[in-house]
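Here is a briefing on one protein chain. Topics follow in turn, from single loop residues to the chain as a whole.

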Amino acid sequence: DDIAWNPNGTQVVYTYYGANNEQSLKLSDVQNKVTSVVANLVKDNIDHPTIAWSPDGQSILLKPNSDQKKTNYLYVYDVFSKKITQLTSLGEVEGAKWSPDSLSILYTAPGQNDQGATGFALWLAKADGLSVKPLNVIVNGILNATWTNDSRGIVAASPKADASDQI
């Protein structure tokens, strides 16, 4: 379902679907001569993930795309320790994006702001798994967001009720 080049172009990570319901995360050189299974996605309950390398090439973001949306948590695979860390405790994660410095991940998930409004909120997770926090912004519908190049700021757009965009 998904494939991603590492930032220096020497490796590819992809999801592999084989016999007996196998669903694996594989890492390969560019010629696909040296390949290794780095995660059993069935065992880890990560269904049909969208994958993205961190800009520094040290981690791989996994965002499941299960029909059971409440199980779509956010995960990071560390290339060096070969461990998967679940970053979020709430499911229904959407629109996950790495910060340019590879330290954080911006995403949307159900939440509530300081005024008590509920809906899809912007969240920020540290890539090391040490913290996850809401950014006190409720968005309507699908999020389009990007980081500033220095990873210090975020610009987000979501549709308003009248279907126009707001920033």
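**Loop residues with positive phi**

N32 counts as partly exposed, at 47% relative accessibility (buried is under 20% relative accessible area, exposed over 50%, partly exposed in between, with a 1.4 Å probe and protein chains only). The model is predicted: local features need pLDDT of at least 70, side-chain atom pairs count only at pLDDT 80 or more, and totals for chains, interfaces and linings use all residues. Residues are numbered from 1 along each chain as its sequence is written, and side-chain values use heavy atoms, with hydrogens and water left out.

- N32 sits in the loop between β3 and β4 (strands are DSSP runs of E, at least two residues, and helices are runs of H or I, at least four, numbered from the N terminus).
- The phi of N32 is near 60°, a positive value in a residue other than glycine.
- H48 belongs to the loop between β4 and β5 (50–53).
- Phi is positive at H48 too, near 45°, and this residue is not glycine.
- H48 is partly exposed, with 30% relative accessible area.

**The four-stranded sheet**

- Four strands form an open sheet in the order β1-β2-β3-β4, with antiparallel pairing (two strands pair if DSSP finds at least two bridges between them).
- β1 (3–5) and β4 (35–40) are the edge strands; each has a single partner strand, so one side of each lacks a neighbour in the sheet.
- From one strand to the next, the twist averages 20° (axes are lines fitted to C-alpha atoms, and angles run from 0 to 180 degrees between N-to-C directions).
- Strand β3 (residues 23–29) runs antiparallel to β4, and five bridges join them.
- In β4, V37 stands opposite K26.

**The largest pocket**

- The largest pocket holds about 240 Å³ of space (a pocket is an open set of points on a 1 Å grid over the protein atoms alone, where a 1.4 Å probe fits, with protein on both sides within 12 Å along at least five of seven lines; lining residues have an atom within 4 Å of a point).
- Its lining has 15 residues, and S59, V76, D78, A127 and D128 lie nearest the centre.
- β7 (75–78) and β8 (83–86) each supply at least two residues of this lining.
- By class, the lining has four nonpolar, six polar and five charged residues.

**The whole chain**

- The protein chain has 15 strands and zero helices.
- Of its 167 residues, 38% are buried.
- Among contacts with a separation of 6 or more, 27% link residues 24 or more positions apart (contact means heavy atoms within 4.5 Å).

Notes:
Points joined across faces, edges and corners; volume = space filled by probe spheres on them. Nonpolar A, V, L, I, M, F, W, Y, C, P; charged D, E, K, R; others polar.
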